[in-house]
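Have a look at the model first, then read on.

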Amino acid sequence: IVPYAPGGLPDTVARITAQRLSENLGSSVVVDNRPGANGVIAAQALMTAEPDGYTFLVTDGSMMSINPFIYKDLAYKPERDFMPVSLVATSPLFLAANPSFPANTFEEFVALVKAKPDTLNYGSSGIGSSHHLTMEALKAAMDLKIDHVPFRGSGQSVPALIGNQVPVVFSALPSLAGFVDKGQAKLLAVNSATRSDLAPDVPAIAETIPGFDFAPTVGVLARVGTPPAIVELISNKVAEIVQMPKVIESMRSLGIEPVGGSPTQYGEAIANETARYRKAIEAAGLKAD
């Protein structure tokens, strides 16, 4: 089950993984898109399925680490209802600027924003998105004053950057790469814990702010009560799949970094991500609605 429409990051990861998992297990693996209600529809589909190891949820970290803080009376509770199975991949977000923007490096960006408090703005994929919260965490860490202009997804925010309606945005590389190649955008930094193999010359914000890591994650979750042996089996299979050269090539061509990880490692990743986003949400002044 994927809580979004076809074509997004979790759906892409799910389809690449499902194809290989089907071949590896010798049985059909179907991707079932259940978009809507900020992941609640997909969560309910998993929660009402038998915990027999035949139904899993492939989602990004927002369902676990953002939604519980910004939505009141959420129909699911991550720790109560879900079991971590495997961290599959991450997809770092890049800080990109319009070519006319005076700053050409991350250090120059910080200096410029500090020199012009409350006069610049940035675009994001929407209020409460990882794009938005990455910048809010950066603002809090560096004491920056730059205004937020939310859009409805990268399909709107990136064109706004190219049209110079906003000078900077955070976005995944596939949405930016073509414009970067044409000189219509420039990359200043990446929000992952280390530099990304997708663009190794672009510095990580963590090089300036130790521990800074807001790269969206995609993982597999099971309903609580799923047999541990099945959870371990699927986790091991996914770990094998994401190390296949063709899978690595496919994912990286789409701006996705394959990872793989045990249930314990994924559980720790969720906990760490939740702690980071809690601080970013507080910094952004977002309240549960």
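Pairing takes at least two DSSP bridges between two strands.

This is a predicted model, so local features need pLDDT of at least 70 and side-chain atom pairs count only at pLDDT 80 or more, while totals for chains, interfaces and linings use all residues. Numbering runs from 1 along each chain as its sequence is written, and side-chain values use heavy atoms, with hydrogens and water left out.

**Strand β3**
- On β7, four bridges join up with β3, again antiparallel, and A97 has K186 as its bridge partner there.
- β3 is mostly covered, with five of its five residues buried (under 20% relative accessible area; exposed is over 50%, partly exposed in between; 1.4 Å probe, protein chains only).
- L93, L95 and A97 point one way, F94 and A96 the other, and all are buried.
- In a regular strand, side chains alternate between the two faces of the sheet.

**Nonpolar cores**
- The largest nonpolar core has 51 residues, and L95, F109, L138 and V168 have the most contacts inside it. A core is a set of buried Ala, Val, Leu, Ile, Met, Phe, Trp, Tyr and Cys residues joined through side-chain atoms within 4.5 Å.
- Elements giving two or more residues to this core include β3 (93-97), α6 (106-115), α7 (130-142) and β6 (168-172).
- Apart from it lies another core of 21 residues, among them I16, V218, I234 and I256.
- F109 touches, among others, L95, F101, M135, L138 and V168, leaving aside residues up to four places away in sequence; contact means heavy atoms within 4.5 Å.

**Helix α11**
- The buried residues of α11 (residues 245-253) are V247, I248 and M251.
- They sit on the same side of α11 because they cover an arc of only 100° around the axis, taken from the directions from the helix axis to the C-beta atoms.
- P245, K246, E249 and S253 are exposed on the other side.
- The buried residues pack against α1 (9-25), β2 (82-90), α10 (228-241) and β9 (257-258).
- Just after α11, G255 takes a positive phi of about 80°.
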